[in-house]
Structures are given as C-alpha cells and as structure tokens.
Amino acid sequence: MSFSHAVVWIDHREAHVIQFNPELSESEVIKTRSKHPHIHQKSGILGSGHTSADQNYLHEVIHAVSEANEILIVGPGSAKLELLKHANAHDANVSEKIIGVETVDHPSDGQLLAYAKKYFIKADNLRAL
C-alpha cells in the first residue's frame, strides 16, 4: 500500500510513525536500543551532559518514512530537530520531503493522526495559492 503522507512523533526513547492517505493509515513504533538516551549534566563535570543521538535509531525512523511524499515531524523536545539534522546530513531525498517540524506534547496515535491531517490540509491549501 502506498501512503502519501507521514507524521513522526519522536522523543529520545521512541518514535510513533503514522503513514496515511485519505482512506487508510498504518502506524509503527520504533524504539531506541540505547541504554542512556538522555543524560543530565552533573555539577562540576565538564561537557554538555548529553550523549550524542542514537544514529541507528534516527536512521530507522528516516527509513520508515522514506516512501512518503510529505513528512511532518513532531515531538516535545530536541529529538525532532536531531531527526531533521540526521535527514539533512544522511538522506537528502527524505530531507526534501519534510514540510514541517512542530512541538507537540504526548498525543495518542489517534490524536496524532488527526493533528497531521489538519496540518497537511492547511499546508496543501497554502501551496494552492
């Protein structure tokens, strides 16, 4: 089945990927294999206090949406920007399909799909002008 749109809700532990067209949708959850996805800085220790992003995890997410025509990335923190940077650096074809990055808390998959459908309707209307 071919899906024209994809939305990714991502944080440092898991990504909810929903691919859809006007009639059907398909969802998938991708989890990081990293044991320490987010480390806080401790007093007196040099460095940012964060580990680098799990590149295999980000690659899996990018691969999951590679067939979509348009992609929306959402999430509560910095993981959505790390995914965008990963796509820009490693997969220009997918990077070109990303039409938005938005901050969204923790919706259910149904709420995420509804949000994405509204987003793509607005984006399509703007492109028609």
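Mentor: Two strands pair if DSSP finds at least two bridges between them. The strands themselves are DSSP runs of E with at least two residues, while helices are runs of H or I with at least four, and both are numbered from the N terminus. This is a predicted model, in which local features need pLDDT of at least 70 and side-chain atom pairs count only at pLDDT 80 or more, whereas totals for chains, interfaces and linings use all residues. Residues are numbered from 1 along each chain as its sequence is written, and side-chain values use heavy atoms, with hydrogens and water left out.

Trainee: How many helices and strands are there in the protein?

Mentor: The protein has four helices and five strands. Along the sequence they follow the pattern β-β-β-α-β-α-α-β-α.

Trainee: What stands opposite Val8 in β2?

Mentor: Strands of a sheet pair through backbone hydrogen bonds, either parallel or antiparallel. Here Val8 has Val17 of β2 opposite it. The pairing of β1 with β2 is antiparallel and covers six bridges. These two strands form a hairpin, with three residues between them.

Trainee: In which sense do strand β2 (residues 14–20) and β3 pair, parallel or antiparallel?

Mentor: Strand β2 (residues 14–20) and β3 are antiparallel, with seven bridges. Ile18 has Ser27 of β3 as its bridge partner, and His16 has Val29 of β3. Four residues link β2 to β3 in a hairpin.

Trainee: Which strands does β4 pair with in the parallel sense?

Mentor: One is strand β1 (residues 5–10), which is parallel to β4 over five bridges.

Trainee: What order do the strands of the open sheet have?

Mentor: The order of this open sheet of five strands is β3-β2-β1-β4-β5, and its pairing is mixed. β3 (25–31) and β5 stand at the edges with a single partner strand each, so one side of each has no neighbour in the sheet. From one strand to the next the twist averages 15°. Axes and angles need a rule: an axis is a line fitted to C-alpha atoms, for helices over the stretch in contact, and angles run from 0 to 180 degrees between N-to-C directions.

Trainee: Are the residues of strand β4 buried or exposed?

Mentor: In a regular strand the side chains alternate between the two faces of the sheet. Buried means under 20% relative accessible area, exposed over 50%, and partly exposed in between (1.4 Å probe, protein chains only). Six of the six residues of strand β4 (residues 70–75) are buried, so the strand is largely enclosed by the rest of the structure. Glu70, Leu72 and Val74 lie buried on one side of β4, and Ile71, Ile73 and Gly75 lie buried on the other. β2 is mostly covered as well, with six of its seven residues buried. In the protein, buried residues make up 39% of the 129 residues.

Trainee: Which residues have the most contacts inside the largest nonpolar core?

Mentor: A nonpolar core is a set of buried Ala, Val, Leu, Ile, Met, Phe, Trp, Tyr and Cys residues joined through side-chain atoms within 4.5 Å. The largest core here has 21 residues, and Val8, Ile10, Val61, Ile71 and Leu83 have the most contacts inside it. At least two residues of this core come from each of β1, β2, α1 (55–64), β4 and α2. The largest share, five residues, is supplied by α1. A second, separate core of 13 residues includes Val7, Leu72, Phe120 and Ala123.

Trainee: What does Val8 touch?

Mentor: A contact means heavy atoms within 4.5 Å. Leaving aside residues up to four places away in sequence, Val8 touches Ala15, His16, Val17, Val61, Val65, Leu72, Ile73, Val74 and Leu83.

Trainee: At what angle do α1 and α2 pack?

Mentor: The angle between α1 and α2 is about 80°, and their axes are 10 Å apart. Angles under 35 degrees count as roughly parallel, over 145 as roughly antiparallel, 65 to 115 as roughly perpendicular and the rest as oblique. The two helices α1 and α2 are therefore roughly perpendicular to each other. On the α1 side the contact is made by Gln55, Leu58, His59, Val61 and Ile62, and on the α2 side by Glu82, Leu83, His86, Ala87 and His90.

Trainee: Where does Asp91 lie?

Mentor: Asp91 is in the loop between α2 and α3 (92–95). Its relative accessibility is 24%, so Asp91 counts as partly exposed. Not counting residues up to four places away in sequence, Asp91 touches Ile62 and His86.
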